[in-house]
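Hi everyone, thanks for coming. I'd like to walk you through one structure today, starting with charged pairs and moving on to the core and a sheet. Have a look at it first.

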Amino acid sequence: MILKYKGKTKDVYEHSQGQVLLKFKDDVTGEDGVFDPGANSVGLTIEGVGRSGLKMTKHFFEVLAQKLIPTHYVSADLDDVSMVVRQANAFGKGLEVICRYRAVGSFYKRYGAYVELGQPLDSFVEVTIKDDQRQDPTISEDALDMLGILTKEEYGILKGLTQKICGIIKEELAKKSLELYDIKLEFGRDSITNEIILIDEISGGNMRVYKKDQYIEPLQLEKEFFL
């Protein structure tokens, strides 16, 4: 296979027309050896986390497919730790969309003067630009529109999809007595239809999940979820 792109947690290979193959790795984002789904650099390597992430991703994408949510998912191979997806074009140089249910992480660091740690939030959506050099700055709807990255109409679609998808994920986790605090998603435009679709992965590596106020590490999350 021809390597197209080497990412932090996944490598991207050519597969077939309109499709690519994602190879999951055992790297997760974080700082100083501590996992952080919002970090913009690899913080640590956890053996088995790639397969664990793919197993959860496969489950969630298949649940979303049943609910007719547009995604890039085609198929997954747990033994090969890889996933075949529809090719998508990024918004600008890439965006990340975070949905927050509790005030933790970078949200609390920024707004701690106004909220208490762990305070409930109402499906709060924020968008950041993928830019490691500038620490992935947040960006507003108006700025996205003015910079030609995303129109206001597209932003509305993105926000609506984010809240709907994250609500489904939150409900799935709640079935296992797990609470979703926040989650990071990525979207793109289908390379053939131009439809806005969910891309990347849905796993412990891009969400914070707690059980009875106890934070669950990504690898342990998969074990808890599939008990």
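By salt bridge I mean a side-chain nitrogen of Lys or Arg within 4 Å of a carboxyl oxygen of Asp or Glu. Quick housekeeping: this is a predicted model, so local features need pLDDT of at least 70 and side-chain atom pairs count only at pLDDT 80 or more, while totals for chains, interfaces and linings use all residues. Residues are numbered from 1 along each chain as its sequence is written, and side-chain values use heavy atoms, with hydrogens and water left out.

Back to the pairs. In general, side chains of opposite charge can pair when their charged atoms come close.

Take aspartate 200 and lysine 10: they form a salt bridge, with 2.9 Å between the closest N and O atoms. Aspartate 200 sits in the loop between β14 (196–199) and β15 (207–211), and lysine 10 sits in strand β2 (residues 10–16), so to speak distant parts of the chain, 190 residues apart. Helices (H or I, at least four residues) and strands (E, at least two) are DSSP runs here, numbered from the N terminus. Are these two buried or exposed? Both aspartate 200 and lysine 10 are buried. The cut-offs: buried is under 20% relative accessible area, exposed is over 50%, and partly exposed is in between (1.4 Å probe, protein chains only).

Next, aspartate 80 pairs with lysine 23, their closest N and O atoms being 3.0 Å apart. This pair links distant parts of the chain too: aspartate 80 is in the loop between β7 (73–77) and β8 (82–86), lysine 23 is in strand β3 (residues 19–24), and 57 residues separate them. Aspartate 80 counts as partly exposed because its relative accessibility is 30%, and lysine 23 does because its value is 26%.

One more pair: lysine 152 and aspartate 142, at 3.1 Å between the closest N and O atoms.

Now the core. A nonpolar core is a set of buried Ala, Val, Leu, Ile, Met, Phe, Trp, Tyr and Cys residues joined through side-chain atoms within 4.5 Å. The largest one has 47 residues, and among those touching the most other members are Ile165, Phe187 and Leu173. Which helix gives the most to this core? That's α4, with eight residues. Beyond its neighbours within four places in sequence, leucine 173 is in contact (heavy atoms within 4.5 Å) with residues including Phe60, Leu180 and Phe225.

Last stop, the sheet. Five strands make an open, antiparallel sheet in the order β1-β2-β3-β8-β7; two strands pair if DSSP finds at least two bridges between them. β1 (3–6) and β7 are at the edges with a single partner strand each, so one side of each has no neighbour in the sheet. β1 and β2 form a hairpin with three residues between them, and leucine 3 stands opposite tyrosine 13 in β2. Six bridges join β2 to β3. These two also form a hairpin, with two residues between them, and glycine 18 in the turn has a positive phi of about 80 degrees.

That's my tour, thanks!
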